[in-house]
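Here is a short briefing on a single model. Please read it alongside the sequence and the coordinates.

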Amino acid sequence: MSAARRCCLLRALAGFFVWRLRNTGIPQIPCRFVHLHRVANDRLITFQYFNFLKRMLQQLDQEKKVVYKISPVSPVHQSWSETSSRNELREVKSAAETEDSVIPVGGESREDRRWKEMKVQLDDLPGILARLSKIKLTALVVSTASAGFAMAPVPFELTCFLFTSLGTGLASCAANSINQFFEVPFDSNMNRTKNRPLVRGQISPLLAVCFAASCGIPGIALLTLGVNSLTGALGAFNIFLYTCCYTPLKRMSIANTWVGAVVGAIPPIMGWTAATGSLDAGALLLGGILYSWQFPHFNALSWGLREEYSRGGYCMMSVTHPGLCRRVALHHCFALIGLSTVAPVLDITTWTFPIISLPINLYISYLGFRFYRDADRSSSRKLFFCSLWHLPMLLLVMFTCKKSVLEKEDKGDLRGGSHEMALEIRLP
């Protein structure tokens, strides 16, 4: 009896355990596995579906759709031979038209983005080479060199002046062409420079380099042999400084602005050395005026082009250090007043020059202060356009107030005479 009772008790416990599992655990475990399997499958299918859509969109972008012209249906009452002949003619015409009217979807935008060499006529080549050499900037360089030559305290020599102007212009054309050759990938990202000849493919890079060499070598040779070796060395150094230092620094450091200012300050020094054959204090003063003038000029220009410089990958003060950009422009506006005051001290001009030049220097300083205070496009544009007429007017006033050679000779004679008189008095 005890064994039977034990068996009944074990059977009851086993039945209760089985009943409990049926009601709770067992149905839930398969359902959970099925749910997880479905979720995983759904996620896998969704991921694959998005990949499939992505591939399809890429294929649609690469394929070219062709637009066919559908020929009209012929009337029913015409004879079979007549309709068949007309249909054949229409099919031939439509096939010829579809060959000419293939319209690739998105093809024009891709073709515009690709670099391709354009066919240029011979009549357009002078204009292309002029834009390659930045003819306006070259004219400014030649004019500053001419101002340095004219301010030199020596008699004017026409032949030397022409050689200096021509050699400086050729050197500037060479430097600008090499600069554009190096900056083709970056100029294509800027609206201001995307129409340059090398970017548009109007001229090949090999031809651009050959043009730069054909300008640079004769230009330096003309300055060295036709003028003097000091002027030729300054011209060669300026080409090196502009192409090998300033151009790569534009994408590396804001120090490129100061290096570029040195490049712009060398042409008037070249004009002075071409006339005198020596590097005097007057040459350094003219270089200092050009050096300080470039900061309000270029900083105001770059302020309105910050987005383009950032897109092109150039490291400019207006992009990375906007506060420093405005301060430097203001400081060099004040420096122009001080440099104008130093000119009569160095016996280059009369004392009327700092007085006459004071209003225009004060005006550009006022615009520089507004640019520093407001920091907007309007103030930067006013400062930039003021700098365009400020420099030629300042140099013109400086030339009109220049001390003549006769005055300096008389002054030197007076000094020499007084020295001789002092020697005579000292002698018994």
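Aspartate 187 and arginine 196 join their side chains in a salt bridge, at 3.0 Å from N to O. A salt bridge here is a side-chain nitrogen of Lys or Arg within 4 Å of a carboxyl oxygen of Asp or Glu. The model is predicted: local features need pLDDT of at least 70, side-chain atom pairs count only at pLDDT 80 or more, and totals for chains, interfaces and linings use all residues. Residues are numbered from 1 along each chain as its sequence is written, and side-chain values use heavy atoms, with hydrogens and water left out.

**Salt bridges**
- The structure holds six salt bridges.
- Aspartate 187 counts as buried, at 2% relative accessibility. Buried means under 20% relative accessible area, exposed over 50%, partly exposed in between (1.4 Å probe, protein chains only).
- Arginine 196 is buried too, at 17%.
- Glutamate 307 pairs with arginine 377, the closest N and O atoms being 3.0 Å apart. This pair links distant parts of the chain, 70 residues apart: glutamate 307 lies in helix α14 (residues 306-312), arginine 377 in helix α18. Helices are DSSP runs (H or I, at least four residues), numbered from the N terminus.
- Glutamate 307 is partly exposed at 42%, and arginine 377 is partly exposed at 41%.
- Arginine 370 and aspartate 374 form a salt bridge at 3.9 Å, N to O. They are four residues apart in helix α17 (residues 352-374), so about one helical turn separates them. Salt bridges that share partners join Arg370, Arg373 and Asp374 into one network.

**Cores and packing**
- The largest nonpolar core has 59 residues. Such a core is a set of buried Ala, Val, Leu, Ile, Met, Phe, Trp, Tyr and Cys residues joined through side-chain atoms within 4.5 Å.
- Helix α12 (residues 256-276) gives the most to this core, with 10 residues.
- Among the residues with the most contacts inside the core are Leu285 and Phe353.
- Beyond neighbours within four places in sequence, phenylalanine 353 has contacts (heavy atoms within 4.5 Å) that include Leu394, Val397 and Met398.
- Helix α13 (residues 281-303) has 19 of its 23 residues buried, so the rest of the structure largely encloses it.

**Confidence**
- Mean pLDDT, the predictor's confidence in each residue from 0 to 100, is 78 for the protein chain, and 66% of its residues reach 70 or more.
- Residues 73-81 stay under 50, with six contacts beyond four places in sequence.
- Where pLDDT is low, the predicted coordinates should not be read in detail.

How values were computed: Helices (H or I, at least four residues) and strands (E, at least two) are DSSP runs, numbered from the N terminus.
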